[in-house]
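Thank you for letting me take a few minutes of the meeting. Please have a look at the picture on the screen, and then I will walk through it part by part.

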Amino acid sequence: MKNSYKNQNIAFFLLFLSTLLIVVPVGLIVLVIIQKGLPAINWQFLSDMPRQGMRAGGIFPAIIGTVYLVVGAIMFALPIGLLSAIYLSEYSKDDLLTRLIKLAIVNLAGVPSVVYGLFGLALFVVFFKFGVSILSGSLTLGIMILPVIITTSREALESVPQSFREVSLSLGASKWQTIRHIVLPNAIPGILTGTILGLGRAAGETAPILFTVAAFYLPRLPKSVFDQAMALPYHLYVISTQVPNVDEKIRYGTAFVLLTLVLFMNLVAIIIRYKFRKKKKW
Amino acid sequence: MRKIKEFVIVKLIQVCGLASIFFVALIFLFLLKEGLSVFKTVSPFDFSFGKNWYPISEPAQLGILPLISGSLLVTLGAAVISIPIGVGCAVYIAEIAPLKIKEILKAGIELLAAIPSVVLGFIGMITLVPLVKNIFHLPTGLTALSGSIMLAFMAMPTIVSIAEDALYSVPKTYKEGALALGATHWQAIWRVMLPAASSGILAAVMLGIGRVIGETMAVMMITGNAAVMPNSILVPVRTLTATIAAEMGEAVVGSEHYFALFAIGIILFIISFAINVTADLFLQKRQQ
């Protein structure tokens, strides 16, 4: 009996250790980037063009490029993703087709990001002749974040109690009126969470934009959706592997801005979800 | 009028419902369209088992065995590291950690999942790569081992969160039964909970490995990118994903090289498809 408790202590200690092995490095990574990146941040770094082959100056065009890409991706993915979620939650029956759709969503989420890049290159850049442009990159990122938006929106819609729908229908509202005026308003926080998580994902990905939009060095702002653009994650890749002798401060500063942007969006999503859970009356 | 409007909306919803299937098919179709052309000049056998990858030499040699070996080696290393640690962490979070610590740990794991892979690659270059170099006295720290460690880390969020779900969904009565029979908490976990959650944990491991195979940026930044057959885990390698990312920028649209990179894309797509479908079957089995 004593032996089995000794075993338990050893086992629990090992489990605790493996947890530390994951969580401690995460904390360290974030700390190091904050500690070394924060001193590099000033107004000039954020608002200036890169200079001297990206060895000096700021990262303004990369920030703007990422904002354009993310906004474009969400404009494409949100309507399709939301309607798709409404279909799954309100209209689909439990049949083979629904099963296939769910499987397709899982697969879409699992496709390697670089394969999205290839697909965007073949379809948008070459086949539709959009060229290497913000449009091609946004559409590629949009398809990539579709599964995030569909899954979270569907969960939000399905968490609205069935009785809400029944009451609305019994008062003579049509199915669409019920969805539009009863189900959707109650699901908005969840949908918002999914949208913001999708934004964060799109802002951080590099591989899908490599061949569809990203410009190596373009010290001006894009003028139309058919222009190339710089983007934060690609810029970080370029200055840390492709350009020699870049000041460490600029690298850490860029990593800091990218990480802050992505973590901020995740934080907002978590807060919305948390508040929503607390406020839920049913 | 209202009826027409609703009819249009319902049709629109139904069309968008099929969007995911449409896009998966579209991705596969376009990969095939561009990738299959490579087999006009190279036989599928030479492509898969050729030991030389010199895409720009004349004539180009397009054998992807070194790239497949690179991916396998890095993935195997990452699996060895991430499976025990990831499942261990999942058990700790699901069964042992007090409620407050549980929330902190889960937030930490979510944080890890949110960090962009290029940032992890950057940190890996600066911290992990010199460390590996110094410990093993190597000429360069950009090795398969560095890649494995980094990728293991990136697979953790997937493994931990899905395995934890699997442990939660084991009926409470199983554990209570074991405890009532005099088992210690650990015996209940080891003999009852883990076997009962095994199909979900298997799915977690598979999806984690899927993540590793598909990961691109971090692996490209820290494995050294040498497209040669690896003979140990302490040499630079190049993975399938990194090859596409590194070379597509220079490949001329419509060239043999371009087609070959798409053919690699087909392989990656099929691997991820197989992994996701199988993992989904395991998760379905769990629900029944």
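Predicted model: local features only at pLDDT ≥ 70, side-chain atom pairs only at ≥ 80, totals over all residues.

When I speak of domains, please keep in mind that their bounds come from an automatic or database domain assignment. On that basis, chain A is divided into domain 1, covering 2–40, and domain 2, covering 43–279. For chain B, the average pLDDT is 91, with 99% of the residues scoring at least 70.

Let me stay with the two domains of chain A for a moment. Their C-alpha centres lie 31 Å apart, and where they touch, domain 1 of chain A gives 6 residues to the contact while domain 2 of chain A gives 8 residues. On the side of domain 1 of chain A that touches domain 2, the residues divide by class into 4 nonpolar, 1 polar and 1 charged.

Now to the contact between the chains, which takes 66 residues from chain B and 69 residues from chain A. What does the side of chain B that touches chain A look like by class? It has 46 nonpolar, 16 polar and 4 charged residues.

If we leave out residues up to four places away in sequence, Ala163(B) touches Gly86(B), Val87(B), Ala90(B), Gly200(B), Ile201(B) and Ala204(B).

Next comes helix H10 of chain B, residues 198–214, whose 17 residues reach 24 Å from the first C-alpha to the last, close to the 24 Å expected at 1.5 Å a residue. Why do we call H10(B) largely enclosed by the rest of the structure? The reason is that 14 of its 17 residues are buried.

Finally, consider Asp94(A), which sits in the loop between helix H3 (60–91) and helix H4 (96–110) of chain A. Is Asp94(A) buried or exposed? A residue counts as exposed if 12 or fewer other C-beta atoms lie within 10 Å of its own, and because Asp94(A) has 7 C-beta neighbours inside 10 Å, it is exposed. Val126(A) is 32 residues apart from Asp94(A) along the chain, and the C-alpha atoms of these two residues are separated by 39 Å.

Key:
Residues numbered from 1 in each chain as written. Chains lettered and ligands numbered in written order. Contact = placed C-beta atoms within 7 Å. Nonpolar A, V, L, I, M, F, W, Y, C, P; charged D, E, K, R; others polar. Helix = DSSP H or I, 4+ residues; strand = E, 2+ residues; numbered from the N terminus. Expected span 1.5 Å × (residues − 1). Buried ≥ 20, exposed ≤ 12 C-beta atoms within 10 Å, placed from the backbone. pLDDT = per-residue confidence, 0-100.
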